[in-house]
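Try each task before reading its solution.

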Amino acid sequence: GLEALRFLGDGGYHYGRKQKGLLLDYLFGLGCEVMRVYTIADKTGWVNGSFLTPAKTYGDPDLRFREPEPDSTLTEIKGSLDGWKTEVAAKCGGNSRLIFSLGTSFAAPLLEPAQIESGGFHLVATTSIGKTTALNVAASVAGLKHLPNWRSTANALEGKAAEFNHMNLPLDEIGQAEPQTVGASAYMLGNGQGKGRMGKTLSNVKPKTWALLFLSTGEYSMVEYLRQAKIPAKGGMEARMPSIPADAGKGLGVFENLHGYKTSKEFVVALESSIRQQQGTALDEYLTQLVEVRKSEDWDKQLRERVHEIASQLSQEYNNMAIGRVAVRFALVQIGLELAHSFGLLPFSIKECSWAVSQMV
């Protein structure tokens, strides 16, 4: 009995001292006729063809998420799918930066079947022109309760990355982070693995791993931010997090189409209000359909071929391996948008999906 209680305690199960006897009575009462076996995972993402989030399993009903803390789920569902399509996605139409932001959230679950490494994109502008709104648009797909930011320690960001495995991690305002840690953090996010550590018994603890996309904002590129702090940038950093001008060049900040609103400010207020009321439904429907289409024979292979095809088109003017690595990630965003459109999630034309990505390259 004590062995069983110790095992449960080490695994994170909590019970009061007065409950021990009742718990043991219950366990012994079960006997040995266990009729169902569950698989428990401690991070999000793909597991044997099913996709796992803290809130729901898409696929195998016997696959469960082990919540490390009560009420610590990252996401929530508000409103309806039709409401999200009408009030949020429709407003993204004609706006390349907003469509691209949506695409990063739809692309992240494709990293594993496409066999693509982690990486990100960095929206850069020196003034407040709507960069955070673009992140909130991306966050609305999964229904993130809180918008993460760069202002955290490397260890905290490592934990956050593991929580967002096979998902999109938005990170607001790189300027809030210490220059001494931001470079290493960006490199770590793209590398897909945290630091090795030693446990309480002096044995090595397996480092946290992940595969994710991250969408970042800031007033300067990563290289420029480090240069101002007189910190040398590591090789390959731009490939892991290429900078994209956040200003769409139409005099409207990150926007090109205000959908009838008189000013960018009015448009932002309306869009942000819609996001607060409509979120989480898009990823729910996307994963439901994605798990089903992935059951098709050779689907993963066809996905990889499509990624290579689009990446070749995007990088055909260049002969550089680093640019090729970045082009693969842009291609995945375009495919994520195309899939979402085929699933009936995007109320604008399929041509706008490829147009938005082409504006970012």
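The exercises below cover a sheet and some salt bridges.

This is a predicted model, where local features need pLDDT of at least 70, side-chain atom pairs count only at pLDDT 80 or more, and totals for chains, interfaces and linings use all residues. Residues are numbered from 1 along each chain as its sequence is written, and side-chain values use heavy atoms, leaving out hydrogens and water.

**Exercise 1.** Find the strand order of the open sheet of three strands.

Solution. 
- Strands are DSSP runs of E with at least two residues, numbered from the N terminus, and two strands pair if DSSP finds at least two bridges between them.
- The order is β2-β3-β4, with antiparallel pairing.
- β2 (45-47) and β4 (57-58) are at the edges with a single partner strand each, so one side of each has no neighbour in the sheet.
- Two bridges link β3 (residues 50-52) to β4; L52 has T57 as its bridge partner in β4.

**Exercise 2.** Examine the salt bridge between E87 and K91: is each residue buried or partly exposed?

Solution. 
- A salt bridge needs a side-chain nitrogen of Lys or Arg within 4 Å of a carboxyl oxygen of Asp or Glu.
- The closest N and O atoms of E87 and K91 are 3.4 Å apart.
- Both residues lie in helix α3 (residues 81-92; a helix is a DSSP run of H or I, at least four residues), four residues apart, about one turn.
- Buried means under 20% relative accessible area, exposed over 50%, partly exposed in between (1.4 Å probe, protein chains only).
- K91, at 10%, is therefore buried, while E87, at 33%, is partly exposed.
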